[in-house]
Structure formats: C-alpha cells, structure tokens
Amino acid sequence: MRKISIMGKLLAAMLAVGASAPGWACGEAGNTRPIKLVVSQQAGGSTDTLARMWAETASKELGTTVLVENKAGAGGVIAAKYVLSQPADGCTLFLAGVSQMVLNKFAYAPLSYKPETDFTPVSVLTTVPFVLVANPQTGFHTLADLVAAARAKPGKINFASSGNGNSTHLVVELFQKNQNIHMTHVPYKGEPDGVVATVGGQTQVMAPVLSTAMPQIRAGKLVPLVLFAPKRLPDLPDVPTASELGLSGLDDLGWMGVAAKGGTSPDVVKRLHAVSQVFLADKGTLDKLKTMQVVPMPGPSGMLMQMTVRDTAKVQDALGSVDFQSR
C-alpha cells in the first residue's frame with residue numbers, strides 16, 4: 001500500500017480498500033472499456049475541469065482508464081438520461097449538481113427522471129460560494145444596509161440573476177424569505193450580463209458565484225455584502241458568511257458531486273466513494289480548487305442525496321410560485 005500523508009484513520013481505511021483491490025476493468029474479459037464520467041456542460045468550463053481532475057485521480061486509484069464525456073444541453077437532462085440508459089455497473093457515472101438533481105424538477109416539469117430513485121449517491125465533491133454584491137452607488141456597505149432599505153421600500157430594489165430558476169435567482173429568493181423582504185427580480189440570459197447590469201446600475205444587487213464577481217469587487221465596481229459559503233474565504237477575509245449573520249441554510253447551495261445509476265452495487269459505490277475522498281484530500285486537488293474559488297466537501301456518500309432532498313424542499317418553498325418554464 002502506498003504511503004499516505006496524515007489523513008486520519010477513516011481515510012486510511014478507505015485508501016486501503018482501493019489499494020488492495022485489483023484494477024477495475026469495465027466489461028467482460030477481453031472486451032474491456034473505460035469508465036465514463038458524463039458531464040452536462042461543454043468542455044473547457046469549471047465544471048468540466050472538476051470532472052477531469054476527478055477522472056485523473058480515479059484512473060490512478062482504480063488502475064484503469066476513466067474518461068470524461070461531455071453531453072451538454074437541456075440543463076443536464078440529456079446527460080442524465082444517457083447515464084440512466086446504461087447498465088447499473090458503475091462504469092458510467094454522472095457529475096451531478098444542484099441543477100440536475102434539484103432545479104430541473106421545476107425548470108423541466110414534469111422531469112423525465114427521478115433523481116432520488118434513479119440515481120445512487122457516490123460523493124459530494126464541492127460547493128460553489130455565492131457572494132451578494134451591491135452597486136456602490138446604492139450606499140449599501142453591509143447586509144443590514146440592504147435589508148433596511150428593502151424593508152423601507154418593498155419592491156423598489158432590483159436584483160439581477162442568470163435567469164428564472166437559476167441558482168443565482170434561488171439564493172436571493174431564499175435570502176429574501178429568510179429576512180421577510182421583497183425585491184424585484186430582473187432575470188438575464190447569463191451571469192455576466194447580470195453582473196454588467198449591476199455594475200451599470202440597471203439593477204442594484206446580485207448574488208453571482210465568487211469567481212465571476214471577484215474582478216469587479218477588486219476593481220471597486222461592486223461591494224460584497226455577504227458570502228453564501230460554509231466559511232470565510234481568503235479572497236474576501238473581511239466579508240462575513242451568511243451563518244455568521246444568522247442566515248441559516250444558505251451556505252452550500254451550489255454543489256457538485258458524483259452519482260451512479262440506481263441499483264449499482266454497494267461495493268462499487270463504496271470504492272468510488274473512497275476514490276472521491278482521496279481526491280478531496282490531495283494537496284494538488286485542494287490547491288487547484290482554491291484557484292477555482294470552490295470549496296471541497298468531503299463526507300459520506302449519502303450526503304449527495306440528503307442535499308438533493310433538502311434543497312428540493314427549499315426551492316419548492318421559496319420559488320413554488322415562479323414560472324420556471326418562461327426562462
């Protein structure tokens with residue numbers, strides 16, 4: 001067994017499972033095929049980068065080839081349906097995020113697959129921090145400033161998003177519900193357009209992902225009010241998290257993980273989960289994730305489905321009246 005750095009007894013045990021098992025070859029002897037991790041985004045973006053990082057680690061740990069296959073379109077429905085059309089043998093996996101496991105239930109209702117039963121959770125990988133930002137001309141310097149203004153003039157403050165039902169929409173709706181305030185939603189065709197509108201003053205606030213907002217924050221064109229993240233981040237050490245300000249349930253809304261088709265053997269799932277924990281403990285992985293401004297989320301395999309159920313209830317409660325089909 002390979003020597004491991006100080007990871008703890010649990011991780012050591014998981015490593016032992018992978019290190020002691022033979023190479024994992026999909027298919028019958030003499031007719032093997034690579035393991036595939038199916039991604040619902042085009043090649044080149046941050047989601048695809050995460051998938052390829054995981055595939056590289058999995059290839060080493062499993063002693064076989066793990067390939068990334070991009071099947072973009074329909075918000076991830078195409079990719080999900082493809083994975084579900086394959087055998088439940090752990091050889092075709094799904095890079096499953098909150099959009100595919102939760103938001104699609106509302107955006108593509110009735111959804112042609114059932115995330116909770118059609119998929120088996122393998123591991124959560126990361127969560128993507130969102131940051132609520134304001135145009136400097138608003139005079140908002142803290143979250144309390146925004147809340148006070150919204151309560152004084154309900155509906156007068158506009159907030160941008162990447163579109164109806166998008167995660168950048170969801171996080172603000174949940175924040176509003178938590179604080180019992182009302183702002184007017186202005187959906188855009190994408191996150192960059194929403195940020196441009198907020199910088200230009202057409203909208204006053206937005207909650208983009210941190211990596212999108214940081215250039216404008218550094219340039220002084222957007223004021224960060226609160227981080228929707230599990231903990232404070234080095235890029236914004238003085239910006240409090242939602243939980244620090246008493247906002248519960250808003251710290252890990254943009255997550256990504258690995259799922260297998262429902263019915264996959266528990267032994268296969270256990271091995272894939274162990275691979276994921278090795279991936280999330282690797283220094284090279286952690287350094288890379290830091291540059292991508294995403295946060296690693298190690299934990300039990302069931303956490304992926306627990307978050308699916310939890311966030312489905314959140315969306316239903318916060319956005320049940322939104323016409324998702326119009327986006």
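Asn180 has a relative accessibility of 68%, over the 50% cut-off, and therefore counts as exposed. This residue belongs to the loop between helix 7 (167-179) and strand 9 (184-187). Its backbone deserves attention as well: the phi angle of Asn180 is near 55 degrees, a positive value in a residue other than glycine.

Ala74 is located in the loop between strand 4 and helix 3. Its relative accessibility is 36%, and so Ala74 is classed as partly exposed. A further backbone feature is found at Ala109 and Pro110, which are joined by a cis peptide bond with omega of about -5 degrees. Pro110 lies in the loop between helix 4 and helix 5 (115-118).

Six strands form an open sheet in the order 4-3-5-12-6-13, and their pairing is mixed. Strand 4 (66-70) and strand 13 (295-296) are at the edges; each has a single partner strand, so one side of each is left without a neighbour in the sheet. Strand 4 is paired with strand 3 (residues 35-39) in the parallel sense, over five bridges. Within this pair, Val39 is found opposite Asn70 of strand 4.

Helices lie against this sheet. Helix 4 (residues 98-107) packs on the sheet and touches strand 5, strand 6 and strand 12. The direction of helix 4 makes about 60 degrees with that of strand 5. Helix 3 (residues 77-84) lies across strand 3, strand 4, strand 5 (92-97), strand 6 (119-127) and strand 12 (255-261). Relative to strand 5, helix 3 runs at about 150 degrees.

Strand 7 (residues 130-134) has other partners. With strand 11 (residues 223-228) it runs antiparallel, joined by five bridges, and Leu132 stands opposite Val226 of strand 11. Strand 7 also pairs with strand 10 (residues 205-206), again in the antiparallel sense, over two bridges. Here the bridge partner of Val133 is Met206 in strand 10.

How many residues of strand 7 are buried? Five of the five are, so strand 7 is largely enclosed by the rest of the structure. Both of its faces are covered: Phe130, Leu132 and Ala134 are buried on one side, while Val131 and Val133 are buried on the other.

Two helices may next be considered as a pair. Helix 2 (residues 46-62) and helix 11 (residues 283-292) pack at an angle of about 180 degrees, and their axes are 12 Å apart. Angles over 145 degrees count as roughly antiparallel, and this description therefore applies to helix 2 and helix 11. Helix 2 contributes Ser46, Thr49, Leu50 and Met53 to the contact, and helix 11 contributes Thr285, Lys288, Leu289 and Met292. By class, four of the residues in this contact are nonpolar, three are polar and one is charged.

Finally, the confidence of the prediction must be taken into account. The mean pLDDT of the protein chain is 88, and 88% of its residues reach 70 or more. Over residues 1-22, however, the pLDDT is below 50. Beyond near neighbours in sequence, this stretch has 20 contacts in the model. Where pLDDT is low, the predicted coordinates should not be read in detail.

Methods
Residues numbered from 1 in each chain as written. Predicted model: local features only at pLDDT ≥ 70, side-chain atom pairs only at ≥ 80, totals over all residues. Heavy atoms only, no water. pLDDT = per-residue confidence, 0-100. Contact = heavy atoms within 4.5 Å. Pairing = 2+ DSSP bridges. Helix = DSSP H or I, 4+ residues; strand = E, 2+ residues; numbered from the N terminus. Axes fitted to C-alpha atoms, helices over the stretch in contact; angles between N-to-C directions. Buried < 20%, exposed > 50% of the residue type's maximum accessible area, 1.4 Å probe, protein only. Parallel < 35°, antiparallel > 145°, perpendicular 65-115°, else oblique. Nonpolar A, V, L, I, M, F, W, Y, C, P; charged D, E, K, R; others polar.
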